[in-house]
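Hello,

Here is the structure I promised to pass on to you. Please have a look at it first, and then read my notes below.

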Amino acid sequence: MILAPIPVSVLTGFLGAGKTTLLNRLLKDPALADTAVIINEFGDVAIDHLLVESSSDGIIQLADGCLCCTVRGELVDTLADLVDRLQTGRIGTLKRVIVETTGLADPSPVLQSIMGHPALVHAYRLDGVITLVDAVNGSSTLDNHVEAVRQVAVADRIVVSKTDLVSDRETLAALTERLEAINPSAPVIDLQTTQAGYATLFECGLYNPETKTADVRRWLGEEADHARLHHGHEHGHHHDHEHRHDSRVRTFSLVHDRPVPFSAIETFLDLLRSTHGEKLLRMKGIVELADDPSLPLVIHGVQRLLHPPARLPFWPDATRGTRLVLITLDMPEDYVTRLFAAVTNTPGVDTPDRHAMQNNPLAIVGMRQSGP
C-alpha cells in the first residue's frame, strides 16, 4: 500500500543540453537511492557503466539500486506499472521517479499525465520541473524553437550547462538574464560552479508529506515585493523584436487579500481554461477560502488540466489571502486580471455592458458579481 504520493521530477531540456550528464551525476547521489528513472529510449542515455542487470520487460537494475525503464506506449502505462510492481512486492521501495523527456518535447503533456490522470493522481505528486539549457547554443535554440522556450517557462529549476565552454562572460550573462526574463520565478543554476544535487534541484513542491511542511514563497517563486515577477514582465516587452518566442511568454501574479468563496475561484478557473486554456503553460496558487479560512487551498494547473485542489492542514506562514502565479504564452494579461477582479468582486473593476455580455464570459461574471 502506498502511504504517500511518490514525488515525480521531470528532467527536460533541448537536444544536446546535457540531460544525460546531469542524470548520471544525480544517480550517484545517495539521497536519490530507490529512484526510478523513466526515459524515452535507452539509446539516448549513456548509463552503461551503471547497469548491472537487464530484463526483457524494459526494467533495468542500476548499480546503486535504482531502476531505469523505457516509456512503453504511454507514460501513464509506465507509471502505472511501477505502482503495480510496488504494491505487489516486485519493487521493495520506490521513493522518487525522474522522467527524462526527449529534447524536442513540450513538457506540458508529461505534466498533465502526472497531475491529472485519475489512476495516477493519488499515487504520484509532481515535485518539479528541471530544465537544462546549453550555454553554447542556448540563445540560438531559444530563438528558433518555441519548445525550448516552453521548457524554460514551466521550469522550477533552470540548469545552465557547458558554461566552461563560453569564454565571453557577457554572452553568458545575457543568456542568464534572458532565462530570468522568460521565467522569473525559477532560480538559474550554473552546472559548473554549483553542486547541482538533491538539495539544489529537488523538493520543489509546495507540500512534502514526509516533513509535513510547506514553503509557499519558495513554491510560488515569490520575492518579498514581487520585484522579479514585474521585472520579468517588463523585460519581456523590452525584447519583443529581438526574441520572437520570448516575447510571447508572460509571468504575472494575482493577489487578493481577503477570503473568497470556492464558487468564485471555481468560476475563474473554469472560464480561464475554457477561453485560454492552451495558452496557460503553468499555474500555481494558494487560496484562502471563505468557508474555512484556516485551511489553505492549493491550486496547480497545466493548460486546461487542473490538478485536484487540495487543502493544507495549516497556513505555513503569516501571509493569508490568495496568491496565484501564472506562466502564459500569448495570453492577454488584461483579460486575466479583469476576470480575477470580477470573480473576487474587487472594487474598481470595469462594469461590462450588456452587448459585450453576449460574447464575453468575463462580462457575464462581472454582471453576476454586481448583483445583490
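How much accessible surface does the protein chain have, and what share of it belongs to carbon and sulfur atoms? The accessible surface comes to about 16400 Å², and 52% of that belongs to carbon and sulfur atoms (areas come from the Shrake-Rupley method with a 1.4 Å probe, and for residues only the protein chains shown count as cover).

A word on the source: this is a predicted model, where local features need pLDDT of at least 70 and side-chain atom pairs count only at pLDDT 80 or more, while totals for chains, interfaces and linings use all residues. Residues are numbered from 1 along each chain as its sequence is written, and side-chain values use heavy atoms, with hydrogens and water left out.

The protein chain has 372 residues, and 52% of them are buried (under 20% relative accessible area with a 1.4 Å probe, protein chains only). Its secondary structure comes to 13 helices and 17 strands (DSSP runs numbered from the N terminus: H or I of at least four residues for helices, E of at least two for strands). Among contacts (heavy atoms within 4.5 Å) with a separation of 6 or more, 73% join residues 24 or more positions apart.

S7 pairs with S1 in the parallel sense over eight bridges (pairing requires at least two DSSP bridges between two strands), and here Ile6 stands opposite Tyr124. S7 also pairs with strand S8 (residues 157-161), again in the parallel sense, over five bridges; Leu132 has Val159 in S8 as its bridge partner.

Helix H1 (residues 19-27) is mostly covered too, with seven of its nine residues buried. Among them are Lys19, Asn24 and Leu26.

Strand S1 (residues 6-13) gives the most to the lining, with three residues. The structure holds three cavities of 30 Å³ or more.

Best wishes

Definitions and conventions. On a 1 Å grid over the protein atoms alone, a cavity is a set of points where a 1.4 Å probe fits but cannot get out, and a pocket is an open set with protein on both sides within 12 Å along at least five of seven lines; lining residues have an atom within 4 Å of a point. Grid points are joined across faces, edges and corners, and a volume is the space filled by probe spheres set on the points. Buried means under 20% relative accessible area, exposed over 50%, partly exposed in between (1.4 Å probe, protein chains only).
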